[in-house]
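Biologist: I would like to learn how to read the features of a protein model, step by step. Could you take me through one, giving the general idea and then the case before us?

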Amino acid sequence: MIDKKSLSERDICTKFITPALEKAGWNKLTQFLEEVSFTDGKIYVRGKLTARGEKKRADYILYFKPNIPIAIIEAKDNKHSIKSGIQQALDYARILDIPCVFSSNGDGFLFHDRTATGNDIETELSIDNFPSPTQLWEKYKKYKGISTPTEEKIASQDFYFDGSGRKPRYYQQIAINRTVEAIAKGQNRILLVLATGTGKTYTAFQIIHRLWKAGAKKRILFLADRNALIDQTRRGDFKHFKDKMTVVKHREIDKSYEIYLALYQGLSGTDEDANVYKQFTPEFFDLIVIDECHRGSAKEDSAWREILTYFKNATHIGLTATPKETKETSNTEYFGDPVYTYSLKQGINDGFLAPYRVIRVALNVDAEGWRPEQGKTDKEGDLVEDRIYNRKDYDRNLVIDERTETVAKKLTEFLNGYDRFAKTIAFCVDIDHAERMRTNLSKENADLVALNYKYVMQITGDNDEGKRELDNFTNPEEKYPVIATTSELMTTGIDAQTCKVIVLDANINSMTKFKQIIGRGTRINEEFGKMYFTILDFRNATDLFADKDFDGDPIRIKPVSQDTDLNGIVDEEENDETPIIDEVTGDEIEMVKPEIRYPEDESPPKELSESKPKVYVNGVDVSILVSRELYFDQHGKPITTSLKDHTKEIIKGKYASLDDFLNKWKTTDRKDAIIAELQEQGVLVEALYEAVNQEVDLFDLICHVAYDQPPLTRKERVNNVRKRNYFTKYGEQAKNVLESLLDKYADEGITNIESMDVLKVKPLTDFGSPTEIISEFGSKEKYLQAVKELENELYKTA
């Protein structure tokens, strides 16, 4: 007879839960997975090093079909009750959008039914009475509102598998399933909001492929506004459509394909002959996917919107990382509220997106403004208008040569101390500024430019040589270009996996644009060492991190038009005379139908601009007033109090008194567990070390910051132990081992001596192999006990 109480949690799964599932008809190979890690673990930056936090892991996830999860089970050992895992399971079910939730200790199951109400919401089931796949699929259909056989056929269509083992991440699964289910139920306008770097194109491919294979959608148009986006899509995930897919080029239409990729600009124009989309009948496409839909298609008066109106009977899916909501432009008015949102904050917390460091650099002419001295002339010899200029003027109305030089010097100085070959994007005010920044950076890095002139490249819409290098910049395998200076071209849709530095030297007033720029750095590439990125901010643009809208849900600002029907289709006889207001100045903008199109979204060439010409000056004293790192709390918001006060608040919220903390410290077997816990709460351990003293132990750091205790250095703690003659009870060799562990602690801290791996490095290896060292203490348990007692001696006095 098995004593259940003596079995581990894993034993309970193997001996009781898995057999119960198989008995109920669940296929072990295709319908359930065990110990499923569905996040990658948040990345924590420690100096130049990174470490991952704990992954979220479900004991069991049950699937009706692969990637259609319908139930979750949280297992506990038999010392726990049958109900012990239910709260954790419910939290995971909420994240994973799963309706059927179970907890088990091997005696039976507690079933929480998220589709039920009243007394039926939770029931206990015997170990032999677990529901079948068909029973839980019925629950899932109820949860999702799937009611007809046609809806069920579409919603249960298989995902595409390419044989590589690649499968969607959990949030992609949710986005795909919710979209397919919404379309199955007849919804024709759908918005998906997925942070930059989370795989929108792969998500779109799976949605299209499932609807196409199910026969729900036969002809599909994928719309984008940049060639780079179309090329990435065609060469990437969409390549599996093979000869069924075409890219519309040179305004030539071939109606024999089923999947079409096209630029808005390639289908429409300012004259009727350019509107080649009208060569298709309005009913030709039954699905249109609009990539980066926060751009042109969101505006009612956009020529691009005409394409969507023409194909208004098709289902429209909008994809974006940054839904646009202004008084003139609304994604949610057109598409409706998002069926799913996965934010930058969620992506960073899950470990799928790279965290960021922010370094703010304040220049004297930015902080104090600059007023020309009497008689000051520009580089042409003309008098400079006498007024106070500030960062809103710089590089747009007034160019100070020394300011550009100072920014280039600071960026170069940063890269010298970090990595001179870290891929870097410098965002500038306009093309002229990007050109000048390239020149200054080339001068500051003359040694590397001499080796390869592509070390610094201007990549802007007007520069063909630079645009040709865009693929090389985004290719992790290519060393050059290293630094790209740009204005608008690289703000969106560029998959720069190894971009490690973002430089902000442009005034950014749009939250949409800010999010897109930050998104250039959020991708992770572990193979090439890209785990986080640094933002070098010269314009206080990172103030937008503190804005409540930075990572919140889109709020509709534009009033709902009376001419808008329930599907968000604007009637053809709409009133186009609504005034358009400039977001920055608040002035009304005169709307003129454009005669010239700029598909790369760059500023027009200088000769076409009617604005007042820039003034160029030099001989101005420009210096850096302060350069400091910004810190962010666990919610991604900038810390506005001092680092010490922020930390004190968190620690005292967890350990009300010094005694509470001391008890926790003494009773925790591994101190790195406390470090991980504090980091999860938002304590910036490495930043605190720098602020206090690198030689201070974490124990003293916390006691000092939170409880005002005088700190001792690690060496002082080691000396106190040695003064007490603590080692006399051990044999000579064991005593030498403990002395060496003390030295290790003095050099590296407590977490290293807690690990058995410390026995595999110098000077411990001088005493023999790990097995030989442990034998000096009698057994592994006695060695670990000796280490524990050593820790107690180290922390005897606070």
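Predicted model: local features only at pLDDT ≥ 70, side-chain atom pairs only at ≥ 80, totals over all residues.

Biologist: What is the peptide bond from K762 to P763, cis or trans?

Modeller: Most residues other than glycine have a negative phi, and most peptide bonds are trans. The bond from K762 to P763, however, is cis, with omega near -5°. The bond from Y480 to P481 is also cis, with omega near -5°, and P481 lies in the loop between α17 (470–474) and β20 (483–486).

Biologist: Which value does phi of R251 have?

Modeller: Phi of R251 is near 55°, which is positive although the residue is not glycine. R251 is found in the loop between β11 and β12 (259–263).

Biologist: In what order do the strands of the open sheet with parallel pairing follow one another?

Modeller: Two strands pair if DSSP finds at least two bridges between them. Here 7 strands form an open sheet in the order β11-β12-β10-β13-β14-β9-β15, with parallel pairing. Its edge strands, each pairing on one side only, are β11 (245–247) and β15 (340–342). Neighbouring strands of this sheet are turned by 15° against each other on average, direction ignored; the axes behind such angles are lines fitted to C-alpha atoms, for helices over the stretch in contact, and angles run from 0 to 180 degrees between N-to-C directions. Inside the sheet, the parallel strands β13 (residues 287–290) and β14 (residues 315–320) are joined by 4 bridges, and V289 has I317 in β14 as its bridge partner.

Biologist: How many strands form the open sheet with mixed pairing?

Modeller: That sheet has 6 strands, in the order β1-β4-β5-β6-β7-β8. Its edges are β1 (32–37) and β8 (122–126), each of which pairs on one side only, and its neighbouring strands are turned by 30° against each other on average, direction ignored. Strands β6 (residues 100–104) and β7 (residues 108–113) run antiparallel and are joined by 5 bridges, with F102 facing F111 of β7 as its bridge partner. Helix α3 (residues 133–144) packs on this sheet and touches β4 (57–65), β5 (68–75), β6 and β7, contact meaning heavy atoms within 4.5 Å. The direction of α3 makes about 110° with that of β5. As for β4 and β5, they form a hairpin with 2 residues between them, and N67 in the turn has a positive phi of about 75°.

Biologist: At what angle do α13 and helix α14 pack?

Modeller: Two packed helices are described by the angle between their axes and the distance between the axes. For α13 and α14 (residues 431–444) the angle is about 50°, with the axes 9 Å apart. The two helices are therefore oblique to each other, since angles under 35 degrees count as roughly parallel, over 145 as roughly antiparallel, 65 to 115 as roughly perpendicular and the rest as oblique.

Biologist: How do α20 and α23 cross?

Modeller: The axes of α20 (residues 658–667) and α23 (residues 698–707) come within 11 Å and cross at roughly 165°, which makes α20 roughly antiparallel to α23. From α20, L658, F661, L662 and W665 meet L698, F699, I702, C703 and Y707 of α23.

Biologist: How many salt bridges does a search of the whole structure find?

Modeller: Side chains of opposite charge can pair when their charged atoms come close. The search finds 47 salt bridges, each being a side-chain nitrogen of Lys or Arg within 4 Å of a carboxyl oxygen of Asp or Glu. One of them joins the side chains of D401 and K379 (2.7 Å, N to O). D401 lies in helix α13 (residues 401–418) and K379 in the loop between α12 (364–367) and β17 (398–400), so the pair ties together parts that are 22 residues apart in sequence.

Notes: Residues numbered from 1 in each chain as written. Heavy atoms only, no water.
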